[in-house]
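This briefing is for a reader who is seeing the structure for the first time.

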Amino acid sequence: RVLESTVVFNELMYHPVGDSGDQQEWVELYNQLAVDVDLSGWHLSAAVNYQFPAGTRIPSGGHVLIAADPIAFQRQTGFEVFGPLEGRLSNNGERLELRNKSGRLMDHLDYGDDDPWPVSPDGSGSTLAKSRPMSGSVKPENWAPSDYIGGTPLAENFPPFTTEVQNETLIDSK
C-alpha cells in the first residue's frame, strides 16, 4: 500500500553529540503539498509521542519541528518549536509514525544506525536528513547525514549548489 504524500518526516536528531542526552533530540516534518495543511490533532507515535494542538498549520513547502526540550532548543537556536516529545529516540534506530487526526498513518520511518543507513548521525552531531524533500521516507537511500553539525532545523536540508557559489569557489581556488 502506498501512502499519499502530504506531510512527511524530513530530519532527525536522534543521537546528539556528547553527554547532552535525549534533551537535544528532535523530529522535523516537511509539507510536500502546494497548500497549507492543518495539523490539529495529528500525532507522532511509536518511538516518541506528540500531539499537535488545535490551530497548528504547516505552510506549503514548510517545516515544523518537535523537540524533546523546546525551551532549551529555542534558547540554543532562537527558533520557536513544538514539544516536548514524550519518550526518546533510540540511538540504534526504530520506527516513527505520523498519524492524522483520524489515526490514519500518513508517513512512517524505520531508521537505523548501520548500513544501509548513514552511520555518522549516530553521535557525531550531524542529523539524519532526507536528501530530497519530495522523496519517500521508507528507503534508506533517501537519507543522508547532514552537512552541518546540529543539522538544518526548519530549513532546507541540502540547498542547491548555485552558479554563484560555484563561481566563487572556482575563483577562490585559483
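Of the 174 residues in the chain, 43% are buried (under 20% relative accessible area with a 1.4 Å probe, counting protein chains only; over 50% is exposed, and in between is partly exposed). The model is predicted, so local features need pLDDT of at least 70 and side-chain atom pairs count only at pLDDT 80 or more, while totals for chains, interfaces and linings use all residues. Residues are numbered from 1 along each chain as its sequence is written, and side-chain values use heavy atoms, with hydrogens and water left out.

**Chain overview**

- The chain has two helices and 12 strands, which are DSSP runs numbered from the N terminus (helices: H or I, at least four residues; strands: E, at least two).
- Along the sequence, the elements follow the pattern β-β-β-β-β-β-β-α-β-β-β-β-β-α.
- The accessible surface comes to about 9,000 Å², and 52% of it belongs to carbon and sulfur atoms (Shrake-Rupley method, 1.4 Å probe).
- Among contacts (heavy atoms within 4.5 Å) with a separation of 6 or more, 59% join residues 24 or more positions apart.

**Sheet**

- Five strands form an open sheet in the order β7-β2-β1-β11-β12, with antiparallel pairing; two strands pair if DSSP finds at least two bridges between them.
- At the edges are β7 and β12 (143–145), each of which pairs on one side only.
- Strand β11 (residues 128–130) pairs with β12 in the antiparallel sense over three bridges, and A129 stands opposite A144 in β12.

**Nonpolar cores**

- The largest nonpolar core has 27 residues, of which F9, V27, L29, L44, L96 and Y111 touch the most other members; such a core is a set of buried Ala, Val, Leu, Ile, Met, Phe, Trp, Tyr and Cys residues joined through side-chain atoms within 4.5 Å.
- Two or more residues of this core come from each of β1 (7–13), β2 (26–31), β5 (48–51), β7 (63–67), β9 and β10 (105–110).
- Strand β1 gives the largest share, three residues.
- A second, separate core of six residues includes M13, W26, F73 and V81.
- Beyond its neighbours within four places in sequence, V27 contacts residues including F9, L44, I66 and L96.

**Residue E97**

- E97 lies in strand β9 (residues 95–99).
- E97 counts as buried because its relative accessibility is 12%.
- Its side chain makes a polar contact with the side chain of R95 (2.7 Å); a polar contact is a pair of N or O atoms within 3.5 Å, and within protein one must be able to donate a hydrogen and the other to accept it, with residues adjacent in sequence counting only if both atoms are side-chain atoms.
- Leaving aside neighbours within four places in sequence, E97 is in contact with F9, H43, L44, S45, A46, L105, D107 and H108.
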